Amino acid sequence: MIIANKKWASPFIIWIIIGTIIPILSIVYYGMTSKDGGVTFANLGAIFSHDNLQALELSLLLALVSTIICLLIAFPMAMILKDSKYGKQGFLIFVFILPMWMNFLLRTMAWQVLLERNGVINSILTAVGLPRQAIMNTPGAIILGMVYDFLPFMILPIYNVVSKIDKHLLEAAYDLGANKITVFTKVIIPLSVPGIVSGITMVFIPALTTFVISNMLGGGKINLIGNIIEQEFTVNSNWYLGSGLSLVMMVFIIISMLLLNKFDKTGGASLV
Amino acid sequence: MKKALSSIYIIIIMLFLYLPIFALMVLSFNEAKSMAVFTGFSLNWYVELFNSRLIMYAVVNTFTIAIISATVATIIGTAAVVGLDAMRPKTQNVILAANNIPMLNADIVTGISLMLFFLILRVPQGYMTILFAHITFSIPYVVLSVRPRMNRKTDRLFEAAMDLGASRKYAFRKVVLPELRPGILSGFLLAFTMSVDDFIITYFTKGAGINTISTIIYSQVKIGIRPSLFALSTIIFVVAFVALLIVNIKSKKQEVELVL
Amino acid sequence: MAELIRLDNISKSFGEQEVLDELSLTVYENEFVTLLGPSGCGKTTTLRIIGGFETPDKGRVYFDGQDITDLPPNQRHLNTVFQNYALFPHMNVGENIAFGLKVSGKSDQYIKDKVKYALNLVNLKGFENRQITELSGGQQQRIAMARAIVNEPRVLLLDEPLGALDLKLRQEMQYELVRLKKELGITFIYVTHDQEEALTMSDKVVVMNNGYIQQEGTPEQIYNEPENAFVADFIGDSNIVPGRMIKDKLVEIKGTEFPCIDGSAEGFEPGQPVDVVIRPEDIEIRPYGEGLFNGEIISKIFIGVHYEMLVKSEKGNFEWLLQNYDEHHVGQKIGMYVRPENIQIMKKPEFDDEKAMELDL
């Protein structure tokens, strides 16, 4: 029996059309239009200019590196959480959710305070007689910020999937003669794929598109594709070019998601 | 051995996650403006924080926007789930795919797209445009939290209520809504926290002359960090800690699904 | 008995899939009717159409002579015990049972008394303030019954109500249901895929498959005189064998001639191909050469009260299923005999669906 009329969904559908679909179409429109109103691919082609291409390459590289680091830290963490009595709904999960509830600008700022030329780390280093380190305003600082900001988003989805793996499956694998390594590579990892995929999505895309972390920890000296797009909109007011570059970035996002979905045959990567 | 290794691992990661925050908390009580040396205890930076009208307005904006946008998103999203239930599965899938766009899209793209949309319509950007943007990106989360609750079991309970003589309205109010409640609650919470936390989309849709906590932090960091921001960090951390604690305890009692 | 519910040429499809095809059924007052069939046969859909949860694409539903096809469930004088019970999880036992009474605006005192009476009736005295989650499956089942019957419906619809219970509890509840039905004096329409449940409790069994009614009758009729191969196979164990009428009251099966009691009077003409059903307990064991046909026992298992054997016949090489109280040995050669009244002759199926079904067997 139908509980209610489908009309209940109409405010939602209207909102999606006005708030999501039309705005995205307007990016497409501006991205393919020149300032005098004609159709052009120049805004898209601008990605091949030296500065833009370099920014895109650096963005891809930094996003990739921080995603891999997050994954390498998160997977063992998820496995430990799974076996820990503090895991399920407990203290440790709480520990990883809490930073996500804190404004990520403040968290990024914290690293700025730590890494600054006259910051906490350098003060400690000089106090014990070691030379100052210029970490700030390097790609390394940006990677550090990305890993710090996005790590919980990698741990939780993986933990959610890993913690739901039926213990009997592991027992069955051992019973059939598998050793620990085989169980890990042939049972645990394949079953964790949905969590890994959604973790990667939740780290890679914000890392690829960020302009905040690079601005705060790169001191305006390191330009990522996000910074360039942001500047086109807020400083140069060139919406056409900004939209064109956004379209190119969207293409990269879509490609990376399609690649990821190939791995996740269940298609059910859960955020929860 | 294995246990010791895991404990060390956990401790290292926890230090990594929390040391920077604790550094800010310590510095917020520092007498000097220094970002490195602790010269003595003081509450000066808290006084400066509460005396800053700019920051206080931003706090008010942040929370009123979060409450209003989460409420509107929860109403629209819940109604959507109820309405979707009456549609054919194929139609539902098409609509849900569209629902996923803002969640899968990068925030910068969502922000830019809304900014362009407002510019095209010549809508002056300010409080209302931020609100519109926040409702837009919150609705999908509400839909995703509530929808799993609208299942076969809920259908059967509705039928059972009708079977026992209830009118459609009564059955909806007394049986379906209570069944959806945990999803609605976690959807609201999720929408609320997403709104409070958002910077990027707010940044592109806010226009001049209005700030939320996020945007004011960003603009202050650009000018030069003042320790009053450390005070703000400390307060936000404590509030988040307490709020999460309450949600966690409640969720255990009422099986509210605690989403990110 | 007076007619209470009549389904008239009901058809129902979900998308491409046709679930019911011109189904007609009459239920009389005070009857215990069971709709029996495999999953997907249309039995639950039939029940849901009677309950008002589905609207038929074609055909009408009459209740006490009145057309109720388009009446919503809250205006029908019947109540349902749902599969998995559908108890309201946010209300306690008392509130669940009182739900229908509250909706119809009964006084508080009346509701209180009635809830108490209903709990007594289902043997759960004093359970008013329990939470649903604290109850066992069997208790939940009883509460679902109580919640339905306090509203004094004229018909109670039960959708596989015992399906989630374990075997022992299921058997107990079967007696309980029959007792309740007697006490209440109302009509029960019961849906199940369990043939034993159907045969034990019902006044009338309606065997369904592929959206058609295959046979309607008392449990004895359904068991002893199945009208087609589907019914014979679905109800109990049986040997279903193709055969051919030789002449009136004589049928040939796998090269052996069997005297039977059906013939031209039932419309079976000499030379006509037929299906024959012989229940395994109806094949009597005789010394070798002294029965109608001979065979060799090829397997034997003990299943509680009796032995079950597979016997390969010498003529026709057919494997017959036998049940016997006495033990025989694998490899033993025996003679077999079947009384004429135990040979059930059936027409070959007419519908394509049934043929398809027959191939599945």
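Modeller: Start with one pair of residues: C:Val33 has C:Lys204 of S9(C) opposite it. Here a strand is a DSSP run of E with at least two residues, a helix a run of H or I with at least four, both numbered from the N terminus, and two strands pair if DSSP finds at least two bridges between them. This is a predicted model, in which local features need pLDDT of at least 70 and side-chain atom pairs 80 or more, while totals for chains, interfaces and linings use all residues. Residues are numbered from 1 along each chain as written, chains are lettered from A and ligands numbered from 1 in the order written, and side-chain values use heavy atoms without hydrogens or water.

Colleague: In which sense do S3(C) and strand S9 of chain C pair, and over how many bridges?

Modeller: The sense is parallel, with four bridges between S3(C) and S9(C), the latter spanning residues 204-209. S3(C) also pairs with strand S8 (residues 187-192) of chain C, again in the parallel sense, over five bridges. There C:Leu36 has C:Thr192 of S8(C) as its bridge partner.

Colleague: Is strand S3 of chain C largely enclosed or open?

Modeller: Strand S3 (residues 32-36) of chain C is largely enclosed by the rest of the structure, because five of its five residues are buried. Buried means under 20% relative accessible area, exposed over 50% and partly exposed in between, with a 1.4 Å probe and protein chains only. In a regular strand the side chains alternate between the two faces of the sheet. In S3(C), C:Phe32, C:Thr34 and C:Leu36 are buried on one side, and C:Val33 and C:Leu35 are buried on the other.

Colleague: Which strands pair with S1(C)?

Modeller: One is strand S2 (residues 17-28) of chain C, antiparallel over eight bridges, where C:Ile5 faces C:Val27. These two strands make a hairpin with two residues between them, and C:Gly15 in the turn has a positive phi of about 65°. Another is strand S4 (residues 58-63) of chain C, joined to S1(C) by five bridges and also antiparallel; C:Leu7 stands opposite C:Val61 there.

Colleague: What is the strand order of the open sheet of five strands in chain C?

Modeller: The order is S13-S12-S11-S14-S20, and the pairing is antiparallel. Strand S13 (256-259) and strand S20 (344-347) are the edge strands, each pairing on one side only. Inside that order, strand S11 (residues 239-247) is joined to strand S14 (residues 273-278) by six bridges, and C:Gly243 has C:Val274 as its partner in S14(C).

Colleague: How is chain C divided into domains?

Modeller: Domain 1 covers 3-224 and domain 2 covers 238-360, with bounds from an automatic or database domain assignment. Their C-alpha centres are 38 Å apart.

Colleague: Now chain A: is A:Pro157 buried or exposed?

Modeller: A:Pro157 has a relative accessible area of 1%, so this residue counts as buried. A:Pro157 belongs to helix H7 (residues 139-162) of chain A. Its C-alpha atom is separated by 8.7 Å from that of A:Val197, a residue 40 positions away along the chain.

Colleague: What is the relative accessible area of A:Leu125?

Modeller: The value is 19%, so A:Leu125 is buried too. A:Leu125 sits in helix H6 (residues 120-127) of chain A. Between the C-alpha atoms of A:Leu125 and A:Ile143, which are 18 residues apart along the chain, the separation is 21 Å.
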